[in-house]
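Keep the structure open while you read.

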Amino acid sequence: SGTIGILTAGGDCPGLNAVIRGVAKAALHYGLKVVGIEDGFRGLIENRTRPLENADVSGILTQGGTFLGSSRDKPHKIEINGQVTDLTDVVARNYRKLKLDCLVCLGGNGTQKTAYRLHERGGINVLTLPKTIDNDVAETDITFGFDSAMSVATEAIDRLHTTATSHQRIIVCEIMGHSAGWLCLGSGIAGGADVILIPEIPYDLQAVARHLRRRQRAGKRFSIIAVAEGIVSREEAKARAAMDRMARRAAKETRIVSGATGGGLEGVHLVQESVASRLARQLQQLTGVEARVTALGHVQRGGTPTAFDRLLCTRLGTKAGELLAERRYNIMVGIKGAECVPVPLKKVAGIKRIVPVDHPWVKTARLVETCLGDEEE
Ligand code: F6P
């Protein structure tokens, strides 16, 4: 016996409903009560909850999004009348009012950190599951939602090939992933992109242009460039590193340790050319080939999960239900090899798993003559 609460936080992705179903069905099977919390942590603050029975989670396996709703709100950073307020105590109080034994949080990096903070500062039990199309959560081989997003992006790259070749164009396809290149690299390889640019490998514009010119000389009628939304050029990477060094030095001298803000520009939205648009413009100038841009955006997060994700979500969710029945808390359930494994949340919180530059996928891409924006070809 016991009661668990379940919420989905951060950006949504295909597979969230499948995980909720897996957790709830397994938990109910082991005799636990399940409470669904609406719109992420905000629902717990505002007491928007409802009991979940088998019938409530039936028929949702294939549905995209999350039927509970999600938000990016963090309990310790809630804006009330223009003031950022810490509502950790409210969350802890409502957790106790609901007589919860554990709060199950489905989320990406931000949510892992928030959940760990709630455990540490709010004294509540948490269990997390690794959700994100970005695939950048530590201590798991893969996150759920990634495979579904990768297949959407791959199909888009396939479709861009036929139109690019008809018109003899360069098409730059912008792919999500925040500051990690997993989604772009995976779909770029699967879709056979000619150039793949990821944040982990700062690109050299001239190297990309040279690759495109070589393709032209070889009689190729088009080029597809997969770019991750977080890419930086070599020059930008150098400038950023120098600024980081300066900021660290200044912080040391003035003893600013944390809580520094971004120079008073919060809330000011400047209209900027996207990195993909800038790249297309530059490459058109350098090669003389007409270039177009396609930003895939939230299409990558919508729709039904792939078979791979449905299986993964059901495995992770039911494993979580099993661990909850054993009262195993303050862990994340990840995938390692063929197994679903509990890992201490402490090892996950605050750590972003980016693509190591010596990762096998990087070598794979190079061996099929894909340009990664650096010199090694
Ligand atoms: O973390 C998932 C993700 O889709 C990232 O790839 C992207 O940078 C971000 O969320 C977009 O966030 P939002 O949906 O808030 O625009």
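## Around the ligand

The shell around the ligand has two nonpolar, five polar and three charged residues. For that count, Ala, Val, Leu, Ile, Met, Phe, Trp, Tyr, Cys and Pro are nonpolar, Asp, Glu, Lys and Arg are charged, and the others, Gly among them, are polar. The names to click on are Gly11, Gly108, Thr132, Ile133, Asp134, Met176, Gly177, His178, Glu229 and Arg301.

Some housekeeping: residues are numbered from 1 along each chain as its sequence is written. This is a predicted model, in which local features need pLDDT of at least 70 and side-chain atom pairs count only at pLDDT 80 or more, while totals for chains, interfaces and linings use all residues.

Strands and helices here are DSSP runs numbered from the N terminus, with at least two residues (E) for a strand and at least four (H or I) for a helix. Two strands pair if DSSP finds at least two bridges between them.

What does β8 pair with? Strand β8 (residues 170-175) is joined to the parallel strand β10 (residues 223-228) by six bridges. Five bridges link β8 to β11, again running parallel. Going residue by residue, Cys173 has Ala226 in β10 as its bridge partner, Glu174 stands opposite Val227 in β10, and Val172 is partnered by Val293 in β11.

Is β8 covered or open? Mostly covered: six of its six residues are buried. Buried means 20 or more other C-beta atoms within 10 Å of a residue's own, exposed means 12 or fewer, and partly exposed is in between, with C-beta atoms placed from the backbone. In a regular strand, side chains alternate between the two faces of the sheet. Here, Ile170, Val172 and Glu174 point one way from β8, and Ile171, Cys173 and Ile175 point the other way.

The largest nonpolar core has 100 residues, and Cys173 and Val227 have the most contacts inside it. Such a core is a set of buried Ala, Val, Leu, Ile, Met, Phe, Trp, Tyr and Cys residues joined through C-beta atoms within 7 Å. Setting aside neighbours within four places in sequence, Val227 is in contact with residues including Cys173, Cys184, Leu197 and Leu279. Contact takes C-beta atoms, placed from the backbone, within 7 Å of each other.

## The seven-stranded sheet

There's also an open sheet of seven strands, ordered β3-β2-β1-β6-β7-β12-β13, with mixed pairing. Its edges are β3 and β13 (339-344), each with a single partner strand, so one side of each lacks a neighbour in the sheet. The twist averages 25 degrees from one strand to the next.

β1 (residues 3-8) pairs with β6 (residues 102-107) in the parallel sense over five bridges, and Gly5 has Leu103 in β6 as its bridge partner. Helix α1 (residues 16-29) lies across β1, β2 (33-37), β6 and β7 (126-130), at about 180 degrees to β1. Helix α4 (residues 109-122) lies across β6, β7 and β12 (331-336), at about 170 degrees to β7.

## Out at the surface

Asn47 lies in the loop between α2 (41-45) and β3 (49-51). Asn47 is exposed because it has 12 other C-beta atoms within 10 Å. Ala207, in helix α7 (residues 205-217), is partly exposed, with 17. Away from its sequence neighbours up to four places off, Ala207 touches Cys371, Gly373, Asp374 and Glu375.

Most residues other than glycine have a negative phi. Lys99 has a positive phi, near 55 degrees, and lies in the loop between α3 (88-97) and β6. Glu369, in the segment after α11 (360-367), has a positive phi near 65 degrees. Lys99 counts as exposed, with 11 C-beta neighbours inside 10 Å, and Glu369 is exposed with 11 such neighbours.

How values were computed: A residue is near a molecule or strand if its C-beta atom, placed from the backbone, lies within 6 Å of it. Two residues are in contact if their C-beta atoms, placed from the backbone, lie within 7 Å. Axes are lines fitted to C-alpha atoms, for helices over the stretch in contact, and angles run from 0 to 180 degrees between N-to-C directions.
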